[in-house]
Amino acid sequence: MPAYTADQLHWKAVAHKVAEESVRPIAKKYDELQQYPWEVKDAMAKAGLMGVWIPKEYGGAGGGVGSLCVVIEELSRACGGVGVAYAVNALGSFPILLGGTEEQKKKWLPEIAAGRKLIAFGLSEKFAGSDAGSMRTQGKLDGEHYVINGEKKWCTNGGCADLFSVFCVTDPESKTRRISALLVEKGTPGFTIGKAEDKMGIRCVPVNELVFKDCRVSAKNLLGGKPGVGFKHAMQTLDHARPGVAAQAVGLAAGALELAQVYAQKRHQFGGPISSHQAVGFMLADMAMKVEAARLLVLEAGRLVDAAAPNVTKTAAMCKCYATDVAMEVTTNAVQIFGGYGFMKDYPIEKYMRDAKITQIYEGTNQVQRMVIARNLVKETTELDFLAKWIPTEVQKGGLDPVVEPAKA
Ligand code: CAA
């Protein structure tokens, strides 16, 4: 087991109990119904889980991203849908935590920490997914209000949240300060919850379009009280939230591995448990190695984010990308180990594979994560210049081919 802090061990035990008593038994039911499991939310709130990552001065437990990730892993071991239904409250609240005014933090964070209000994050649009900066939803200042017009897409928690961090264009002419974030409450005139998506996985959490038609929101709800810093807040939010997606992926992979371990031990073919056949034993060994490596990377990312270390962006992207690729591979192999049973909806294992797929896509596709990692590697390379003498001399100065002197007659 990794070297968890005392705080993380505490939250791991609390979340494990909630997961086994209140989540695993209902996972299939809500997957089929495609409905939000309100009783699970109540159990999580009762256990104090809804404010684990929120600082104590705003009503939370002060556990930071590290403890948040431990909780998400435990919940996702039992149900990946519940894992994200929980984690998305952290995603929605990070813009307030990172960029909100003191007044905004005091107004909203205690409500979220107590589980009285659910929150969601509205960034993506139909025509602005990976290229988040190209969003079109407008927020136009009109006296004391912003008037929002446009649509958001793939908003997790959309159908059940009370509060939304909504990113919109407040200065269309600006290149660097186009975007701001506004807090929008459910029920605000002009704001409706649009299409509910019918999904492959994470089916217990609603994912919706958000529709804004002349929706007037008080300028007091402008995050941080100043316009133009929304894109930066969105990016910082994602740096904080991506370890949580990675933790969801670790939970899914670990949960699938555990089921595959039990199955492979009990399932006898050719005169013995299939785990004793090298083909299956090596699969389980590879799965276990990757789950542990992913878990350690998540733990480290959480530690760095909580320590406000410089350049957490790369580590957050790395853990998100690595852990979610591991989740897809491990859950697919777990289905493989279950054989014919694995393909059937009678058993929970196929759900792990369906739930895992979205982790490679949301909060930035793994292609975007690789782009972020690669861009950061380029930046870091300036510090490696002392190694340049060890590369070919003709390459050392970079750029063009050396000028070739014309041959003398
Ligand atoms: N922290 C702080 N600032 C950052 C930053 C970071 N991590 N990343 C970028 N910035 C700043 C840059 O410094 C730059 O600032 P200046 O203008 O002052 O120079 C500005 O933001 C623009 O940066 P880039 O030029 O790098 O931006 P880009 O347009 O090339 O995009 C990107 C970068 C990484 C691809 C970004 O668009 C991105 O992360 N895309 C993926 C979006 C995403 O994850 N969407 C999922 C949303 S949530 C969801 O999935 C639904 C759900 O409900 C779960």
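Which residue has a polar side-chain atom 2.9 Å from a nitrogen atom of the ligand? I looked this up and found Asp239.

A note on ground rules: I am working with a predicted model, where local features need pLDDT of at least 70, side-chain atom pairs count only at pLDDT 80 or more, and totals for chains, interfaces and linings use all residues. Residues are numbered from 1 along each chain as its sequence is written, and side-chain values use heavy atoms, with hydrogens and water left out.

Next I checked other polar contacts (pairs of N or O atoms within 3.5 Å). Ser130 places a backbone N or O atom 2.8 Å from a ligand nitrogen. For Thr313, a side-chain N or O atom is 3.2 Å from a nitrogen of the ligand. The ligand alone exposes 1,100 Å², and the protein buries 71% of that (Shrake-Rupley method, 1.4 Å probe).

Then I listed the shell. There are 25 residues around the ligand, and Ser130, Asp239, Glu363, Gly364 and Arg375 come nearest; a residue counts as near if one of its heavy atoms lies within 4 Å. By class I noted 12 nonpolar, eight polar and five charged residues, with Gly counted as polar and Asp, Glu, Lys and Arg as charged.

Which element gives the most to this shell? I found that H7 does, with seven residues. Helices here are DSSP runs (H or I, at least four residues).

Last, I asked why the ligand lies between two domains. Domain 2 (120-228) and domain 3 (232-381) both give residues to the shell, so the ligand lies between them; the bounds come from an automatic or database domain assignment.

How values were computed: A polar contact is a pair of N or O atoms within 3.5 Å; within protein, one must be able to donate a hydrogen and the other to accept it, and residues adjacent in sequence count only if both atoms are side-chain atoms. Helices (H or I, at least four residues) and strands (E, at least two) are DSSP runs, numbered from the N terminus.
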